[in-house]
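I opened my notebook to write down, step by step, what I looked up in this structure. I wanted to begin with one chain and then turn to its contacts with other chains.

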Amino acid sequence: MTRTPDQDSFRYPLVWRLLDGLNTAADVLWPRKMARFTGWLLLAPALLLVGILVISLVQIAESSLHVLDRSTFMPGEDYTLANYATIADSATYARVLWRSLLGAALTVVFTLLLALPYSYVMVRTTSALTRKALLIVLFLPFFIGQVVRAYGILIVMGRSGAVNDILGLVGIEPLRLLFNFPAVVFGLVQYMLPFAVLMLAPALTAIPREIEAAANSLGANWIRTFRHIVIPMAKPGLVGAGLVVGTLSLTDFAMPAMLGGGSQDFIANAIYDQFFRTADQGLGSALALILVALGSVIVGVIIAFFGAGTLGMGGKK
Amino acid sequence: MTSRSQRIVFWSLVWFSIIVLSLPTVIVLGASVTAGNIITFPPQGFSLKWYEQIAMARDLRQAFGRSIHVSLICLAVSVPVGTLAGIALTRFRLRFSSLIQVYLLLPFTIPLIGSGIGMMLLFGSWGILGSVWPLGVALAVINLPFIIWSVSSSAAALDGDLELAAASCGAGRIEAFLHVTLPGVMPGVITGGLLMFVLAMSEFLVSLLLTDARTVTLPVQIYNNIRSIITPDLAAVSSVFVVLALLAVWLLDRLVGLEIFLKSK
Amino acid sequence: MRNRMTRRSVLRGGLATSAAALLSGLPAGKLLAQEPEKPTEIIVRAWGGDWVQALKAGVSDRFTEMTGIAVRHDLTEDNEIQPKVWAAVAQNRIPPIHVNWDTTTNATKSALRGVTVDLSDLPNLANTTDLAKPVGVDGYPIVNTYGYVYVLAYRPEAFPDGAPKSWRDLLDPRLKGRIALYNDGIGFHFPAQVAGGGSLDDIPDNMDACWEFVKEIKAQQPLLGEDPDFTTWFQNGEIDAACTISTNALAAKKNGIDIAWTVPEEGCKFDTDGLWIPKGLPENELYWAKQYINLALTQESQQIWLDGLGLPGVVPGLTPPAGLAGDPSYPTKPADFEHLIRISNAVQVQNESDWFSKFKEIMQG
């Protein structure tokens, strides 16, 4: 028996062999000199997946160039910009567009106003129980979906709902709290708050407690600490959350439809009406395209000025 | 929080948020046990008859099963794609990064009605409408920015030197990726994955356009019912969702700890 | 139990009759032998709530009993199924539904687009009134199955002096924020034309009177909604009056809400709904879809279905539901139609988009 102990005691594990194989394969399929394109390789599936939407967008652009023929309810043969002219001429769309923009802007402001203290308390609290409770409160509404939540709001804030009951206790006559612009914004804030908190929390965690403590010890009160330390350092989170909340509220359909009482349409509702109610896909497509362009320009400008924040895309310069 | 005034201001805002977030949920839970025939709050009497009714309803059960199916497909597509993209965007220097950001935010800037109609026509011309899986892909597309965001916020916090260290210890690119990068972004992957799953479970507008009566999912069923006549069985369905949500959150807490949502690394 | 047995046997009798009618002369036995293969189910798009319950009781359940084919109801809204069906036909796919229960105006658009199957060969059409025939299209791309009135529904509590006499009564300041219309204005344009001092003959060329009146109504801050909203709003005390289909008011009444309706002096819009079949179905499924519509035109089916809706049908000899005989929402005799406004579907289809955008322009202001 002449065995060398070394040979036996160390067997090259299968997993390592596998990894070596993969590495070799990687070297063959994707040589190191291609390394500067690795980022693009990893990004490619996402670009392709969103590509599905881009192809759809091209179709939408195509159909926006045809006018509906009302004797056959088919799109006309000719290419024309008539649908865009219709939109430009109509006072309704300008008003609805303005309402969507204002609604989205207000939603961003109010959502961040509520999300900032919420995430701050959640991150900074010393009690694990409190933290957990705050997280659970955040998660539950997610699961019941936007429509049911909007319905819940309809019940609570209706003329015979809980809020009016409470107002009644202090002698206030039942108020119409629903079916107006503030109700839509309220619904959107309620819908967006969990998203915003989840996006802000990591950014706030990244701010070391010590910096705040230092500011306090130098005599800054909390408002100044917040303004000069927390908010600037949380900026990536605020920008990221603002982008998500803003784009999603700008294109929202359910809240204006359910809480607006029919007279508080956003652009998405106008698009819905054209696609579904008057069967005018061309006009609906034109509206959709205008909304996409508008949203993308706003997003582009914000990213150009503030960066993408915790959306993190392209974080490394 | 050191000062008293800060505590008062913050906690009153937090309590306001808690009420705003929870009230509709509480109302729905309450309305589901009403003995009456219309949704009211407070409920008229107590009865579990609406739960009995939904337990008997084969349509609802099937729709629920399909929703799970769709959400799992959505996960299977979006998690790998979103993870790679999140890593690519933060760990690699890419040209035209602003343009890529605008491009990848298209799912949010295109109104869902537009995306829905567009994908309905596209999937129709590819001849894949009528199955359940295209909806899973579609939901992965429209919510993709969420998972990219959550992965890249984890990846951004990862120290790049770690990967270099691994390489200098002899790790190949694949090993470095599997043993260093991937574990580093795992919190983001879990957060993002959960978000994708939940959003797929509750999306109704695109789902409405991509399903038919044979492939209808639960949110579409709820949406259609709410728009016709609202009976407390819908509140019961939603309550089941809430219970499932609690269960999922509890499970997550046991497995990885809820604090994962607060971490940037 | 006894009751049910009786109804069953009645149903069987009805079945035999319809099957025979179907075969147009052939002996029933032979016909059965030639029946195309039965699908396991057919899908019928329907409105939810009381609407689908009525259809199920009157037509779907009987159809299943007669043929053994299950009926699945698709509760997608009529206007949301439309682009899905149109896209399916354009892309040569099998459409998502077998039968569409639709408004005649909407269905006419589909007929003009050429996605409907002609139903002229349904045997039971022979037994229908003029109401069943769609106007302004060739043949029967759609079969109208009943008529309905967009009444002025109100809570008697809010009108202590009795029913409102005129649509102009809605301009009373105390009703500010307490009235509701359909969110596309449907049902309201024509009475508004009269209430605004215009003439029905000027529709569609000159509707200034209508728009003037809509502007006056806008100042009253009306709520705008769809069928189920009216029922909900009445139930929750959000509104005192609405221009809506009588069926929605009836639904609120069944839930114990004190509610009444009337046809004011300017009149009310009368319109029809119908059933149609999209192109592109396999031959055998098309056959059974046609049988479904044929069954819906039998007196027995119409009686049960329309009892549920509280609406007048398209076959003679129907008994009005309890309390609705002579009701303005249940017109049967020519005299009943004097105060009702009927505008051809062709005119409506041509102009609906313009009316819609004009209405929106006023209401979104």
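**Entry 1: chain A as a whole**

I note at the start that this is a predicted model, and that I am reading computed values throughout. I looked up the secondary structure and found that chain A has 14 helices and two strands. I then looked up its extent, and the C-alpha atoms of chain A fill a box of roughly 95 × 65 × 40 Å along the principal axes. For a compact globule of 317 residues I would expect a radius of gyration near 20 Å, whereas the value for chain A is 27 Å. I also checked burial, and 51% of the 317 residues of chain A count as buried. Turning to contacts in chain A between residues at least 6 apart in sequence, I found that 73% of them join residues at least 24 apart.

**Entry 2: two helices of chain A**

How do the axes of helix α13 and helix α14 of chain A cross? I found that the axes of α13 (residues 267-277) and α14 (residues 281-306) come within 7 Å and cross at roughly 160°. Because angles over 145 degrees count as roughly antiparallel, α13(A) is roughly antiparallel to α14(A). The crossing of α13(A) past α14(A) is left-handed. I listed the residues that make the contact: α13(A) brings A:Ile267, A:Ala270, A:Ile271, A:Gln274 and A:Phe275, while α14(A) brings A:Gln281, A:Leu283, A:Gly284, A:Leu287, A:Ala288 and A:Leu291. Sorted by class, this contact of α13(A) with α14(A) has eight nonpolar and three polar residues, and no charged ones.

**Entry 3: chain A with chain B**

I looked up the contact between these two chains, and it takes 90 residues from chain A and 87 residues from chain B. On the side of chain B that touches chain A, helix α1 (residues 4-31) of chain B gives the most, with 15 residues. By class, I read 62 nonpolar, 21 polar and four charged residues on that side of chain B.

**Entry 4: chain A with chain C**

Here I found 25 residues of chain A in contact with 26 residues of chain C. The elements of chain A that give two or more residues to its side of this contact are α5 (91-124) and α13. The largest share of that side, four residues, comes from α5(A). I then sorted the side of chain A that touches chain C by class, and I read eight nonpolar, ten polar and seven charged residues.

Terms used. Residues numbered from 1 in each chain as written. Chains lettered and ligands numbered in written order. Predicted model: local features only at pLDDT ≥ 70, side-chain atom pairs only at ≥ 80, totals over all residues. Contact = placed C-beta atoms within 7 Å. Nonpolar A, V, L, I, M, F, W, Y, C, P; charged D, E, K, R; others polar. Axes fitted to C-alpha atoms, helices over the stretch in contact; angles between N-to-C directions. Parallel < 35°, antiparallel > 145°, perpendicular 65-115°, else oblique. Left-handed = near helix turned anticlockwise from the far one by under 90°. Rg over C-alpha atoms; globule rule 2.2 N^0.38 Å. Buried ≥ 20, exposed ≤ 12 C-beta atoms within 10 Å, placed from the backbone.
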